[in-house]
Amino acid sequence: MARFFKLDMTLSLKNLLPAIAFFGGFLWDALTIGRQINPSDLWFLAAYLLAAGLILFWMGHRSNAHLLMTEMERLEHSIQPEWQKKAPIFILQFLFGSLFSCLFIMYFKSANHFLALFWSLGLGFLLVANEYIDHHYHRFTLTWGLFGLCAILVFNFLLPFILGSILPIWFYLSTLTGAALTHYLRKKTPGCPGRAWPVWALAGLLSLAYISDFIPPVPLVKRDIQIGLNLEKSNGGMVISVERSPWYKPWRLLSNDLHVPAGSRVYCVSAVFAPGGINTSLYHRWEHYDEKQGWQAASRIGFGLSGGRQGGFRGYTYKQNIQSGEWRVKVETEDGRTLTVYHFNLYTEPATDTSLEARSI
């Protein structure tokens, strides 16, 4: 009985190892990448991508060599230890898992509105699916597709970082670079295994997703955004008066309601992280909700952004004599891509002093 129990425990532990490795690796990536995107994160991604390309090249070389073997050579090859046959697949699964894990975390940091969050969850799905499709990795069309997607997404981060710009042209150029690299690597692999057309299809879909604002404006990351009154600069920082959440909403630290005395200014302050070297402009788009016409733009005010500050570069805009109702402020890039959206309800009446608190940003 004890022997069977020990065997059962061994099998259970063996079945749990993939899940333990998956969550352990994801937790490690989440802790090491941190709250902002650092240059070292991007070079790690590039190293993972290079290693995955070399493994794919070697797998193609081995597959082509197997086709050219004689019957005797194939028989000798078939008696190789099982671990030697599965090692390339295991390494490739690990590399794809590392890439999808890092990319998911990095895109999730930049996803601060619904469409971008949907895109990030798609990467999360691929991260989980990678644990179950390794037995299909001998199908080179699939593996080239996964490699091409990773290559495109890695270049989407690398090119803006290297050039210090987030203009749309760099997204399209980096997408083209990732697809072209995959196509070139497949052509140079002995036997030219699989097909490369899915990679170009993915590049086209990603370009459409970019136009539709599905893809967040990487490598920018929203650090904080607040709406309030009485903005002051203090000790190199900004302090704004915001309303505390009422006692019957314990799940919220701050309220999304704002009571504004007549004639007072309403401030929006945002802090956005960008890697060092990136200089661009961001915009606050103030929009008011009309029951008949929907969201109506009230103003779009811009300010410069310089990358490198760990706490995020801070910018603010304000409106005066603002009408009551439902409002939102969208933080946008120059080309109108959304970084984050802040919703609030505004009432044109004074707030009690006890409901306000000073908050640094």
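Biologist: Which residues touch the most other members of the largest nonpolar core?

Modeller: This is a predicted model, where local features need pLDDT of at least 70, side-chain atom pairs count only at pLDDT 80 or more, and totals for chains, interfaces and linings use all residues. Residues are numbered from 1 along each chain as its sequence is written, and side-chain values use heavy atoms, with hydrogens and water left out. A nonpolar core is a set of buried Ala, Val, Leu, Ile, Met, Phe, Trp, Tyr and Cys residues joined through side-chain atoms within 4.5 Å, and buried means under 20% relative accessible area, exposed over 50%, partly exposed in between (1.4 Å probe, protein chains only). The largest core has 46 residues, and those touching the most other members are Leu45, Leu92, Phe96, Tyr107, Phe147, Leu153 and Ile215.

Biologist: Which element gives the largest share of this core?

Modeller: Helices (H or I, at least four residues) and strands (E, at least two) are DSSP runs, numbered from the N terminus. Elements giving two or more residues to this core include α2 (39-67), α4 (82-110) and α6 (140-163). The largest share, 13 residues, comes from α6.

Biologist: Nice! How are the rings of Trp43 and Phe161 arranged, stacked or edge-to-face?

Modeller: Rings of Phe, Tyr and Trp (its six-membered ring) pair if their centres lie within 6.5 Å; planes under 30 degrees apart count as stacked, over 60 as edge-to-face and the rest as tilted. Trp43 is in helix α2 and Phe161 in helix α6, 118 residues apart. Their ring centres are 6.3 Å apart and their planes meet at 75°, so the pair is edge-to-face.

Biologist: Last one: which ring does the charged end of Arg265 sit over?

Modeller: A charge sits over a ring if NZ of Lys or CZ of Arg is within 6 Å of the ring centre and within 35 degrees of the ring normal. The charged end of Arg265 is 4.0 Å from the centre of the ring it covers, and that ring belongs to Tyr318.
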